[in-house]
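Here are my notes on the model you sent. Please read them with the structure open.

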Amino acid sequence: MKTRITQLLGIEHPIIQAAMSWASSNSTLVIEVSNAGGMGVLAGGPMRVEDFAKAVAEIKAGTAKPWAVNIPLNNPRTPQLLDIAHEARIPVMVASQGGVRGHLARFRGIGTKWLHVVASVEHALKAEAAGVDALVVDGAEAGGHPPPAEVSTLVLVRRVVKSVKLPVVASGGIADGYGVAAMLALGAEGVQLGTRFIATPEASVHPAYKEAVLKAGVGDTAFVGRGGHPIRQLKNGFSEKYAAAERAGATAEELEKLFDSASLKQAALDGDVAWGKVEAGQSAGLVDEILPAAEVMRRLVAELEHARRNVGMA
Ligand SMILES: Cc1cc2nc3c(=O)[nH]c(=O)nc-3n(C[C@H](O)[C@H](O)[C@H](O)COP(=O)(O)O)c2cc1C
C-alpha cells in the first residue's frame, strides 16, 4: 500500500512502532519491526548516552530498512543524543516535546526525514510552519502523553488532516488492522502503535507490565495529571491515590508532589505495577496475547486488507 508516508519514509506498510520509553529503548524491537516492513522507533528519552549509542549501532547493523530514533527535545541529554543520531546518519527522526528550529537544517543536510509528534491543532500548525516532513498526531486514547485537552484520536486526527497539508500519522487507540483502516479512512497516511507492541517478547519491560496490559479491559486506564503534563496509564494504587487527592481538592503543589512520587521506570524495569506509572493506552483492552513483533506486523497487514475489503476500500 502506498501513501505519502510510505513514500517519504521508504517503508512497505504505513505502520510505525511508537517510541516508548524503556519498552522500545532497545535495538531488537526496532530491528524486528523495520525488517517486517514497518518502521521501528528507538525511544532515546530515558537512555544513558552510551546505551543509546550502542543501540543505534546495533540497529544499523541489524537492518537495511528505514528506522527511526525518538528524542524528546527538552531533555538535558538532548544535545548529546542528537549528536550521536547525526553521526549515525539516522534515516528518520521522530521528535517530541520541544521546538525543532535549530535542529532541522542540520539533519536535512544528511537526508534525515523529520516527523514531529503533536497533540493539538495549534502545535500541528506550528510544526508545519517550522518545516517538518510529517506529523504524528496523538489522541486522548494514547498511552504515554495524550493531549492535555483530551481530544480523541477520531476527532483530532480528522481535524489536523483538514488543517494541514503535511501527511499525518495517526496515533492513540490503534491496536489492530481494523483501527489502521479507520485512521486511513479519516485521511491519515500512516499509523503509530505503542501499547500493542508492549505485548511482544522484544519489548524491554518487566513481564508483570506485559501481563498487566494483557489483563486490562478498555476501561482500565486512568488519565493522571490534569492541568500539567498528563499521562495515560493502567489504573492501579498510584492512579487511585492521585484521583482521590484530586477529588479531595488537593493543591496543585500537593498533586505535583504525588505525581512525582511514582515513575514509569518503577513499573517498566522493577515490575512494580501496583505503584509505578504503568503507561499504556485504552487499546490495552484490545490486546490479548504476547506475539513476536514480526507476527504483530503480519497480522496488522492481513487485518487491514480484511477491513478494507469489508468497507469496500480495497
Ligand atoms: C509505555 C509508553 C512509553 C512512551 N514513551 C514515549 C516516549 O518516550 N516518547 C514519545 O514521543 N512518546 C512516548 N509514548 C507515546 C507513544 O509514542 C504513542 O504516542 C502511544 O503509545 C500511542 O498510543 P497507543 O499506546 O494507544 O498505541 C509512550 C507510550 C507508552 C505506552
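1. Start with Gly 173. One of its backbone N or O atoms sits 2.9 Å from an oxygen atom of the ligand. Keep in mind that this is a predicted model.

2. Gln 192 uses its side chain instead. An N or O atom there is 3.2 Å from an oxygen atom of the ligand. How much of the ligand does the protein bury? Alone, the ligand exposes 600 Å², and the protein buries 95% of that.

3. Which residues come nearest to the ligand? They are Ala 19, Ser 21, Asp 138, Gly 194 and Thr 195, out of the 21 residues around the ligand. By class, the shell has twelve polar, seven nonpolar and two charged residues.

4. Now the helix pair. Helix H6 covers residues 121–130 and helix H7 covers residues 153–163. Their axes come within 10 Å and cross at roughly 35°. The crossing of H6 and H7 is right-handed.

5. Which residues make that contact? From H6 they are Val 121, Ala 124, Leu 125 and Glu 128. H7 supplies Leu 156, Arg 159, Val 160 and Ser 163. The residues of the contact of H6 with H7 comprise five nonpolar, two charged and one polar.

6. Check the backbone at Trp 22. Its phi is near 70°, which is positive in a residue other than glycine. Where is Trp 22 found? The residue is in the loop between strand S1 (15–17) and helix H2 (27–35).

7. Arg 89 deserves a look too. Phi of Arg 89 is near 50°, again a positive value in a residue other than glycine. This residue lies in the loop between helix H4 (78–87) and strand S4 (92–96).

How values were computed: Residues are numbered from 1 along each chain as its sequence is written. This is a predicted model: local features need pLDDT of at least 70, side-chain atom pairs count only at pLDDT 80 or more; totals for chains, interfaces and linings use all residues. Side-chain values use heavy atoms; hydrogens and water are left out. Axes are lines fitted to C-alpha atoms, for helices over the stretch in contact, and angles run from 0 to 180 degrees between N-to-C directions. Helices (H or I, at least four residues) and strands (E, at least two) are DSSP runs, numbered from the N terminus. A crossing is left-handed if the near helix is turned anticlockwise from the far one by less than a right angle, and right-handed if clockwise. Contact means heavy atoms within 4.5 Å. Ala, Val, Leu, Ile, Met, Phe, Trp, Tyr, Cys and Pro count as nonpolar, Asp, Glu, Lys and Arg as charged, and the others, Gly among them, as polar. A residue is near a molecule or strand if one of its heavy atoms lies within 4 Å of it. A polar contact is a pair of N or O atoms within 3.5 Å; within protein, one must be able to donate a hydrogen and the other to accept it, and residues adjacent in sequence count only if both atoms are side-chain atoms. Accessible areas come from the Shrake-Rupley method with a 1.4 Å probe; for residues, only the protein chains shown count as cover.
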